[in-house]
Amino acid sequence: MTRNVVILGAGVSGLTVAYLLSKQTQYSITVLAKHMPGDYDIEYASPWAGANYMPVANEGTRHQEWETNTWAPLKALAENHPESGVYFQKAVVYNRKKDLEPGGRLVHRLSETWPVYKEFSQHELSPEMDNGHEYTSVCINTAMYLPWLVGHCVKAGVVFKRAVVKHIANAATGHHSGKMAEVVINCTGLSSNALGGVMDENMRPARGQIVLVRNDAGPMWTTSGTDDGTDEAVYTMTRAAGGGTILGGTYQLDDWNPNPDPKTAERIMKRAVAIAPQLVGPGEEIEGLDVIRHGVGLRPWRKGGPRVQKDQIDGVKVVHNYGHGGFGYQASFGCADEVVTLVDELLEGRSRSNL
Ligand code: FAD
């Protein structure tokens with residue numbers, strides 16, 4: 001029996017759900033979205049991400065399960081599908097004890113069993129760093145990866161339609177068959193704060209400003225914090241297949257400004273060149289950077305963590321999958337797996353009650 005499903009949202013959250021759900025042939029899937037891969041917009045976080053895999057979840061949480069369950073699929077993409085834009089890249093992380101103090105940034109958590117995990121000894125660190133390590137991660141070229149997901153979904157029969165939906169229940173009428181969808185999956189990211197029927201007051205933007213350059217930083221470099229304020233960060237991510245290098249960044253809660261700030265951009269570039277001098281030629285500073293684009297994305301931060309949950313709104317069965325903050329890629333498969341289980345449960349429940 002065919003089950004009609006609508007997925008609202010075509011960021012990494014919606015597309016990963018579509019990708020996994022479309023492997024089950026009973027589902028007939030429509031993805032409705034205001035923005036699609038190829039668009040760059042302040043209401044669309046996914047294209048702006050670096051993106052890499054750097055686990056940050058606390059021990060024993062659902063968040064940790066989502067991140068853990070995402071590593072194997074990303075690793076498989078890097079091994080078997082270079083055309084996805086996901087590839088292995090060394091990540092180097094430096095930590096300062098002061099960033100671990102209350103008010104400091106959360107740092108990266110990694111088990112000792114991680115591939116090519118190495119702790120730096122004191123003589124390998126600059127004086128301002130207290131410890132550091134390197135490990136095998138992946139870097140995701142979002143400009144390749146999001147269209148790759150769309151391509152796979154289209155091949156599996158998923159239909160993509162542009163639409164702006166004012167109320168979540170209305171999405172059920174948007175299935176390409178013309179019939180009502182049995183389940184709507186809400187993957188609207190930050191816009192869940194304004195979507196009718198959802199209006200989640202726990203949603204807040206965590207503004208991330210970036211600079212995309214043609215220069216090559218080699219490995220991905222980052223630190224636990226900077227001296228430019230707790231809402232500023234430094235990281236570099238060299239994307240696959242000529243995708244350029246992302247220099248970041250900021251993590252500015254409640255800042256909705258969609259425009260790159262030139263002073264912030266200058267600080268981002270200075271910090272990047274300081275941590276990865278190989279970005280520029282000998283003796284060069286930021287004038288050696290060849291800028292492709294300045295950008296801003298709003299991470300969909302949610303108080304209490306992402307919402308991956310069943311719901312019923314105005315008689316429509318809904319599964320929510322939003323609020324992934326700065327870890328939407330590295331938790332994408334773990335969350336999408338759970339969404340598929342919830343959809344199965346909802347429709348299974350319906351079948352049983354109909355007997
Ligand atoms: P979005 O990508 O925002 O997609 C929302 C979708 O919903 C869009 O298609 C939109 O058009 C649609 N939509 C919304 N409302 C409606 C409506 N009413 N009607 C129709 N359509 C609607 N994550 C990592 O894992 N690793 C990283 O290294 C990383 N780096 C980042 C760096 C920056 C600068 C930023 C900004 C983010 C970063 N992230 C990273 C976080 C990651 O990008 C986000 O968590 C993720 O993209 C969120 O995806 P999403 O699909 O939930 O939302």
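**Gly326**

I began with the UniProt record, where an unreviewed entry marks Gly326 as "binding site". UniProt positions follow the numbering used here, feature names are shortened, and annotations may be inferred rather than shown by experiment. I was working on a predicted model: local features need pLDDT of at least 70, side-chain atom pairs count only at pLDDT 80 or more, and totals for chains, interfaces and linings use all residues. Residues are numbered from 1 along each chain as its sequence is written, and side-chain values use heavy atoms, with hydrogens and water left out.

I placed Gly326 in the loop between strand E15 (316-322) and helix H5 (332-354). Helices (H or I, at least four residues) and strands (E, at least two) are DSSP runs, numbered from the N terminus. I then looked for contacts, meaning heavy atoms within 4.5 Å. Setting aside neighbours within four places in sequence, I found Gly326 in contact with Tyr251 and Arg299.

Which atom of Gly326 lies 3.1 Å from a nitrogen atom of the ligand? I found a backbone N or O atom there. I counted polar contacts as pairs of N or O atoms within 3.5 Å; within protein, one must be able to donate a hydrogen and the other to accept it, and residues adjacent in sequence count only if both atoms are side-chain atoms. A polar backbone atom of Gly325 is 2.7 Å from an oxygen atom of the ligand. For Tyr329, a polar backbone atom is 2.9 Å from a ligand oxygen. I also checked cover: the protein takes up 96% of the 1000 Å² of accessible area that the ligand has on its own. Accessible areas come from the Shrake-Rupley method with a 1.4 Å probe; for residues, only the protein chains shown count as cover.

**The shell**

How many residues surround the ligand? I got 40, and the closest are Ser13, His35, Ser46, Val165 and Gly325. A residue is near a molecule or strand if one of its heavy atoms lies within 4 Å of it.

Helix H1 (12-21) and strands E8 (203-213), E10 (232-238) and E13 (291-302) each supply at least two shell residues. The largest share, three residues, comes from E13.

Val165 sits in the loop between strand E6 (159-162) and E7. Thr188 sits in the loop between E7 and E8. Beyond four places in sequence, Val165 is in contact with Leu8, Leu32, Asn170, Ala171 and Leu195.

I noted a cis peptide bond from Gly50 to Ala51, with omega near -10 degrees. Ala51 is in the loop between strand E2 (27-33) and helix H2 (62-80). The peptide bond from Gly248 to Gly249 is also cis, with omega near 0 degrees. Gly249 lies in strand E11 (residues 245-250). Met199 has a phi near 40 degrees, a positive value in a residue other than glycine. I found Met199 in the loop between strand E7 (183-186) and E8.

**Whole chain**

I counted five helices and 15 strands in the protein chain. The chain's radius of gyration is 21 Å, close to the 20 Å that the globule rule gives for 355 residues, so the chain is as compact as a globular protein of that length. The radius is taken over C-alpha atoms, and the rule is 2.2 Å times the number of residues to the power 0.38.
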